[in-house]
Amino acid sequence: WGQNKFIKSLIKKVGVRNYVLVQPTPFFNDPLRLSMLRASDVLVLTASSSPGVYLAERSTLFNYMAAGNAIVAEATPGSLGVLRHGENALLSRFNDVVDLATQIERLIKDESLRYELGVNVRKDLETKYSWDVLKIKTRIIFEKLNTYT
């Protein structure tokens with residue numbers, strides 16, 4: 001609830017009038033949630049300094065990537081491991097509300113950038129993080145581990 005309050009205050013501060021906050025759902029792949037993500041022009045991934053939230057942030061990141069839309073994310077070790085500023089997303093400094101708002105505004109104003117980032121992030125998901133790719137990487141790791149035993 002606290003995060004929604006923060007996001008709503010940010011939305012009001014920058015003057016966004018049309019928005020939808022997608023509430024948490026019981027399942028990460030809830031069809032309604034996924035359809036809302038796909039219908040969004042800009043997806044905003046805020047972060048937390050709490051280590052316990054890290055897995056949820058990463059899951060949300062990959063759901064956003066699957067939607068194939070532009071992403072603005074706070075720069076954290078998790079997002080920096082996957083996202084590249086200006087290539088497949090826009091990144092803001094962690095806990096910097098002004099920078100986050102600036103990046104969101106940049107995407108709101110630039111339709112071609114939104115499209116380009118969305119296409120690039122979806123392509124990265126498919127080429128680097130699909131199950132087919134990850135199973136090959138996992139097999140290689142296990143084979144390497146097997147040689148040490």
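Predicted model: local features only at pLDDT ≥ 70, side-chain atom pairs only at ≥ 80, totals over all residues.
Buried here means under 20% relative accessible area, with exposed set at over 50% and partly exposed in between.

First, the overall layout. The protein chain carries 7 helices and 3 strands, and going along the sequence they come in the pattern α-α-β-α-β-α-β-α-α-α. Taken along the principal axes, the C-alpha atoms fill a box of roughly 60 × 35 × 30 Å. Of the 149 residues in the protein chain, 33% are buried. The accessible surface comes to about 10,000 Å², and carbon and sulfur atoms account for 58% of that. As for charge, there are 20 positive and 15 negative charges, and their mean positions sit 3 Å apart. Contacts also reach along the chain: among those between residues at least 6 apart in sequence, 53% join residues at least 24 apart.

Next, the inside. The largest nonpolar core has 16 residues, and M65, I71 and L83 are the ones touching the most other members. The top contributor is α3, which gives 4 residues. M65 is worth a look in the viewer: leaving out residues up to four places away in sequence, M65 touches I71, V82, V121, R122, D124, L125 and Y129. Apart from this core lies another one, made of 11 residues, including V72, A101, I104 and L117.

R33, L34 and L37 are its buried residues. Looking down the axis of α2, these buried residues fall within an arc of 95 degrees, so they line one face of the helix. The general rule behind such spacing is simple: an α-helix has 3.6 residues a turn, so residues three or four places apart point the same way. On the other side of α2, P31, L32, R38 and A39 are exposed.

R33 deserves a separate word, as an arginine placed in helix α2. Its relative accessible area is 12%, and because the limit for buried is under 20%, R33 counts as buried. From R33 to Y129 the separation is 96 residues in sequence and 21 Å in space, C-alpha to C-alpha. Y129 is also among the residues that M65 touches.

V119 and A67 are 52 residues apart in sequence, and their C-alpha atoms are 9.8 Å apart in space.

Which loop holds N95? N95 lies in the one between β3 (90-92) and α5 (97-109). N95 has a positive phi of about 65 degrees although it is not a glycine. At 60% relative accessibility N95 is over the 50% limit, so this residue counts as exposed.

Conventions. Residues numbered from 1 in each chain as written. Heavy atoms only, no water. Helix = DSSP H or I, 4+ residues; strand = E, 2+ residues; numbered from the N terminus. Buried < 20%, exposed > 50% of the residue type's maximum accessible area, 1.4 Å probe, protein only. Contact = heavy atoms within 4.5 Å. Areas by Shrake-Rupley, 256 points an atom, 1.4 Å probe, with all protein chains shown as cover. Lys, Arg positive; Asp, Glu negative; His and termini not counted. Charge placed at Lys NZ, Arg CZ, Asp CG, Glu CD. Core = buried A, V, L, I, M, F, W, Y, C linked by side-chain atoms within 4.5 Å. Arc of directions from axis to C-beta.
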